[in-house]
Amino acid sequence: MAQATATAKVELRGVKKRFGPKVVLDGIDLTIERGESLVVIGGSGTGKSVMIKCVLGILRPDEGEIYVDGEPVTHLHGRKREAFLRKFGMLFQGAALFDSLPVWENVAFGLIQGRGVDRIKAREIAYQKLAEVGLGPEVAVLSPAELSGGMQKRVGLARAIAADPEIIFFDEPTTGLDPIMSDVINNLIVATRAEGTTALSITHDLISARKISDRIAMLYKGKIVWHGPTREIDASGNAYVDQFIHGRAEGPIQMEVRG
Amino acid sequence: MNFLASIGRMTLDFLRSVGALFVFLGDAVVSIFLPPFYWSLLGKQLMRIGYFSLPVVGLTGFFTGGALALQIYSGAARYGAEAFVPAVVMIGICRELGPVIAGLMVAGRAAAAIAAELGTMKVTEQIDALTTLATNPVKYLVVPRLVAAVISMPLLVAVADSVGVFGGYIVSTGTLGFTGSIYIKNTVDAIAFNDVSSGLTKAAVFGFIIAAMGCYHGFHSKGGAQGVGAATTSAVVTSSILILAANYILTKLLFE
Ligand SMILES: Nc1ncnc2c1ncn2[C@@H]1O[C@H](COP(=O)(O)OP(=O)(O)OP(=O)(O)O)[C@@H](O)[C@H]1O
Ligand SMILES: [Mg+2]
């Protein structure tokens, strides 16, 4: 098997994933360098969430290999897998909060269960992380069902960053937030990066993408069709990227809609 | 040809599900003995599966005991064997009806609740979220439910047995003309260790079936609300069928 790139934190090589006859990922090659922030853009339903889930082992790729810190990870299980997962924080697209637990326990969950931090200390950290996403102590004791969609998203974000993981995946962190709160979240993501965290974000929000990323990759029809530094995105010379960032209905990307 | 192909496909699908079920259960059973142990979650499940099933199990046990007394009496009267009513009611309740009725009632309550809860967690990605927080969902969600059901069921059946025999007593003394003290004496004289222990053994097995089916169908539900609904139905139906099948097998093993 091919060797992983030395400096890469996360590397995907020829990752393929299909559901039944439907090919979602068709040979993804993608590298995220240590300490880098990469944003993946692409149309709805192109497999961005599926790609992240493959890295975390929630879905198993049909082909290809994924390396984290140079180690192949697609076949990890048991304690090794738990240790591997402790490197990650993940914000799910739908927040995926535990509705049987109050907000603060959601945020503290990875600390208490995954890392054995004692409850009092974990609670303190949870309140602090909630404050960072703009949620006060009165929210901490509510149940997730009592929150608005945007608030749930922010709790999910607080949960993802609570344990100061090495690698954070953000699946649409600013979707459903107002522009001001989006900017607060963007700043927060930029700040977590200052600590050397590696980040992979998915977003449709190009303002956010420009602000939080060092590099951008575009996913289309199961492949990475373009990747490059963020500042080059306006001059990519790539018809797919141009169409996407200008939001035009006409172009090489054909939405599957019938008029 | 098409017909044969679809039979083949169904057979393969069936075998695949059975295989998946055994892998799932094997994982769950092994996980019971591996740390970490979530004691507080176990306590919570004991309350939900055990304690809150008490009223249902008690009521159904009572009426079953009463009805059984009436039937046994009318049957025994044909042979002038009314004196055996207390013994036969006790045997019927402890060996068969107590465990089976309690099993089916708890299947309706707990297997459905487990499947619905875990199914919702599955479709809203909460189970995936658990994994990413370095927590094993089988240990965190399945083990407490499995252990709680295996502990609760024998206790619930002990209650069902007592209340069932009591139901027989009330009906017999109230409408069939038995004297209370004689009824009790006949029951106590007839009771054998095996009558009760066999029922409690069955109960533990039924508890395992209930939690296993609830968890399995919950974990494997797909789609949205409809998928969770289907998982709930499957959990109740399969656990009920398996309880009755297991009851037959256990009866054969325990009494031959
Ligand atoms: N568990 C699954 N079973 C079957 N198909 C799936 C599953 N998960 C995703 N898919 C399919 O894979 C495709 C990609 O889904 P994915 O959620 O990755 O899209 P996405 O790029 O994240 O889109 P969005 O921007 O709307 O979130 C979709 O067409 C979806 O139907
Ligand atoms: Mg998505």
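The model is a predicted one, in which local features need pLDDT of at least 70, side-chain atom pairs count only at pLDDT 80 or more, and totals for chains, interfaces and linings use all residues. Residues are numbered from 1 along each chain as its sequence is written, chains are lettered from A and ligands numbered from 1 in the order in which they are written, and side-chain values use heavy atoms, with hydrogens and water left out.

Ser49(A) belongs to helix α1 (residues 48-56) of chain A and Gln93(A) to the loop between β6 (88-91) and α3 (103-115) of chain A, so the pair ties together parts 44 residues apart in sequence. Helices (H or I, at least four residues) and strands (E, at least two) are DSSP runs, numbered from the N terminus. Ser49(A) is buried, at 18% relative accessible area, while Gln93(A) is partly exposed, at 36%; buried means under 20%, exposed over 50% and partly exposed in between (1.4 Å probe, protein chains only).

In chain B, helix α6 (residues 137-175) holds Arg145(B), which counts as buried at 5% relative accessibility. Beyond residues up to four places away in sequence, the contacts of Arg145(B) include Glu117(B) and Cys215(B), contact meaning heavy atoms within 4.5 Å.
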